[in-house]
Amino acid sequence: MTDNSDHDAGLRSARPPQHFVPVRRWVLDSFAELHELRTELQDALTAQADQLTAAQPLSTLAQHLVLVASELATNAIRHGRPPTIVELHQHEARFLLTVADHDLSSEPRLAGDRPPGQGGFGLQIARRLSADVAWYRTDTTKVVWAELNP
């Protein structure tokens with residue numbers, strides 16, 4: 001089998017759309033806090049249910065948001081520097097997740113053709129479930145963001 005790790009590619013660098021407003025924020029220091037993030041994110045989405053359309057039930061969008069948040073936060077905890085900061089933003093029925101860590105020395109990488117079990121698919125999952133995914137740096141953080149729409 002050929003080693004395809006050299007096929008890993010960088011994620012597009014871009015700032016997210018500006019029209020989203022903050023809904024909720026979490027600060028994580030360990031994997032143990034991911035369960036609480038998922039539960040509280042589900043609760044936050046339920047509270048925003050009146051913003052969603054009948055075109056996509058809350059349960060489907062919420063499942064995608066929770067999965068994407070979990071994958072991106074896991075990546076930040078595993079590959080970044082603490083704390084990991086997860087934020088949920090909303091504009092009408094659209095949601096934006098941002099996940100920041102404090103490792104400015106690395107860039108998010110999309111997994112190439114890797115055998116199962118070798119990891120690296122969190123960003124691929126985020127790309128498949130999201131309308132858009134990208135990343136950027138600030139003076140102190142590296143931020144990966146994903147926009148999800150009904």
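The mean pLDDT of the protein is 85, and 82% of its residues reach 70 or more. The structure is a predicted model, in which local features need pLDDT of at least 70 and side-chain atom pairs count only at pLDDT 80 or more, while totals for chains, interfaces and linings use all residues. Residues are numbered from 1 along each chain as its sequence is written, and side-chain values use heavy atoms, with hydrogens and water left out.

Strand β3 was examined together with its partners. Helices (H or I, at least four residues) and strands (E, at least two) are DSSP runs, numbered from the N terminus; two strands pair if DSSP finds at least two bridges between them. Strand β2 (residues 21-28) pairs with β3 in the antiparallel sense over seven bridges, and β3 pairs with strand β4 (residues 94-101), also antiparallel, over seven bridges. H89 illustrates this arrangement: P22 stands opposite this β3 residue, and in β4 the bridge partner of H89 is L96. Two residues lie between β3 and β4, which form a hairpin; in the turn, E92 has a positive phi of about 55°.

Because six of its eight residues are buried, β3 is largely enclosed by the rest of the structure. Here, buried means under 20% relative accessible area, exposed over 50%, and partly exposed in between (1.4 Å probe, protein chains only). I85, which lies in β3 (residues 84-91), counts as buried because its relative accessibility is 14%. Leaving aside residues up to four places away in sequence, I85 touches R25, W26, V27, T98, V99, A100 and H102. The C-alpha atoms of I85 and A100 are separated by 5.0 Å, although the two residues are 15 residues apart along the chain.

A nonpolar core is a set of buried Ala, Val, Leu, Ile, Met, Phe, Trp, Tyr and Cys residues joined through side-chain atoms within 4.5 Å. The largest such core has 31 residues, and those with the most contacts inside it are L28, L45, L72 and L88. Elements giving two or more residues to this core include β2, β3, β4, α1 (34-47) and α2 (58-79). The greatest contribution to this core comes from α2, with ten residues. Another core, of nine residues, lies apart from it and includes A14, F20, A134 and V143.

How values were computed:
Contact = heavy atoms within 4.5 Å. pLDDT = per-residue confidence, 0-100.
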